[in-house]
Amino acid sequence: MADASNTSLARAAQWYNLRPIRERALILLTALVLVLVVVWELAVTPLQQRHQNLENRLQMLSSSRDDLLAQQQTLNAQLATDPSRELRNQLNARQQRLERLDQQIADTTGQLIAPTAMVALLRNILAAQESLELQALELQTPTPVFAPDAPEQSPREPQAAPEPLLYAHDVELRIKGSYLDVLNYLQRLEAMDERLGWIRLEYSAGDWPSGEAVIRVQTLSLDQAWLGV
């Protein structure tokens, strides 16, 4: 059986070597595209789903917290004119629920990698892979992530501007190297920290086998600015 497999591989290699250079390049490019599709389905899609689940949970917790804050403000107004024991008990109960929600939000946010740690991790992995060369590293402007729409307020109540729940921090890398080396870099990145997700990959073959890749990586944070970067 081993001899038969070796014979088949030898025939395939001989057939490939007899193809014109242009046809061999097209065959190799097709194989690379298939590898990228498999890696995307097995590695990237589950990571994006986990990232989305964390963001949805934070939005749900923030919405519950906002509802409790609105109830607490209403009770405070009532307490100012009618300081009864029942109102005080309700205020205390809601304050305890607010504290629990704040703790849950802090715990969930702690599962996300900090922007400063993301930049350091990207640099360290790239420095360890000598076959790749960093052409540029650009910090994108953080974008706010808002909670779901709050319940409609009465026309008599003042309309408050919505507060961002989190900030999305993106880093865009421009790397020079072969496609397989770039793919290996992404695999090492995901293996070292599963909280880090790359959301964009563009590869230009250029002078084959060398080329240039543009990779965008994202993390979420409570901080708006790139502190310490």
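Leu-29, Val-33 and Val-37 together make a nonpolar surface patch of about 260 Å². The structure described here is a predicted model.

With a relative accessible area of 58%, Gln-73 is exposed, since the exposed class begins over 50%. The C-alpha atom of Gln-73 is separated by 9.3 Å from that of Leu-91, a residue 18 positions away along the chain.

## The chain as a whole

The protein chain contains five helices and five strands. In sequence order, these elements follow the pattern α-α-α-α-β-β-β-α-β-β.

The protein chain has 229 residues, of which 31% count as buried. Its accessible surface comes to about 14800 Å², and carbon and sulfur atoms account for 53% of that area. Among contacts in the protein chain with a separation of 6 or more, 75% are between residues 24 or more positions apart.

## The nonpolar cores

How many residues does the largest nonpolar core have? The largest nonpolar core has 19 residues. Those with the most contacts inside this core are Leu-122, Val-171, Leu-173, Ile-175, Tyr-185, Ile-215 and Val-217. Two or more residues of the core come from each of the elements α4 (115-128), β3 (164-178), α5 (179-192) and β5 (210-221). Helix α4 gives the most, with six residues.

When neighbours within four places in sequence are left aside, Ile-175 is in contact with Leu-126, Leu-132, Glu-133, Leu-134, Gln-135, Tyr-185, Gly-211, Glu-212, Ala-213 and Ile-215. Another core, of six residues, lies apart from the largest one. Its members include Val-145, Leu-165, Leu-166 and Leu-220.

## An aromatic pair

A search of the whole structure finds one aromatic pair. The pair is formed by Tyr-179 and Tyr-203, with 5.2 Å from centre to centre and 80° between the planes. Its geometry is edge-to-face, because planes over 60 degrees apart fall into that class.

Tyr-179 belongs to helix α5 and Tyr-203 to strand β4 (residues 197-204), and the pair thus links distant parts of the chain, 24 residues apart. Are the two tyrosines buried or exposed? Tyr-179 is buried, with a relative accessible area of 12%, whereas Tyr-203 is partly exposed, with a relative accessible area of 28%.

## Salt bridges

Side chains of opposite charge can pair when their charged atoms come close. Five salt bridges are found in a search of the whole structure.

One of the salt bridges joins the side chains of Glu-172 and Arg-216, at 2.9 Å from N to O. Glu-172 lies in strand β3 and Arg-216 in strand β5, so that this pair links distant parts of the chain, 44 residues apart. Glu-172 counts as buried because its relative accessibility is 11%, which is under the 20% limit for that class. A further salt bridge, at 3.5 Å from N to O, brings together the side chains of Glu-212 and Arg-174. Glu-212 is in strand β5 and Arg-174 is in strand β3, so this pair ties together parts that are 38 residues apart in sequence. Both partners count as partly exposed: Glu-212 has a relative accessibility of 33%, and Arg-174 has a relative accessibility of 31%.

The side chains of Glu-202 and Arg-200 also meet in a salt bridge, at 2.9 Å from N to O. Glu-202 is partly exposed, with a relative accessible area of 41%, and Arg-200 is partly exposed, with a relative accessible area of 28%. Which residues do salt bridges with shared partners join into one network? The network consists of Asp-170, Glu-172, Arg-200, Glu-202 and Arg-216.

Key:
Residues are numbered from 1 along each chain as its sequence is written. This is a predicted model: local features need pLDDT of at least 70, side-chain atom pairs count only at pLDDT 80 or more; totals for chains, interfaces and linings use all residues. Side-chain values use heavy atoms; hydrogens and water are left out. A nonpolar core is a set of buried Ala, Val, Leu, Ile, Met, Phe, Trp, Tyr and Cys residues joined through side-chain atoms within 4.5 Å. Buried means under 20% relative accessible area, exposed over 50%, partly exposed in between (1.4 Å probe, protein chains only). Helices (H or I, at least four residues) and strands (E, at least two) are DSSP runs, numbered from the N terminus. Contact means heavy atoms within 4.5 Å. Rings of Phe, Tyr and Trp (its six-membered ring) pair if their centres lie within 6.5 Å; planes under 30 degrees apart count as stacked, over 60 as edge-to-face and the rest as tilted. Patches are made of residues with over 30% relative accessible area and no salt bridge: like charges are joined within 9 Å, nonpolar side chains (Val, Leu, Ile, Met, Phe, Trp, Tyr) within 5 Å. Accessible areas come from the Shrake-Rupley method with a 1.4 Å probe; for residues, only the protein chains shown count as cover. A salt bridge is a side-chain nitrogen of Lys or Arg within 4 Å of a carboxyl oxygen of Asp or Glu.
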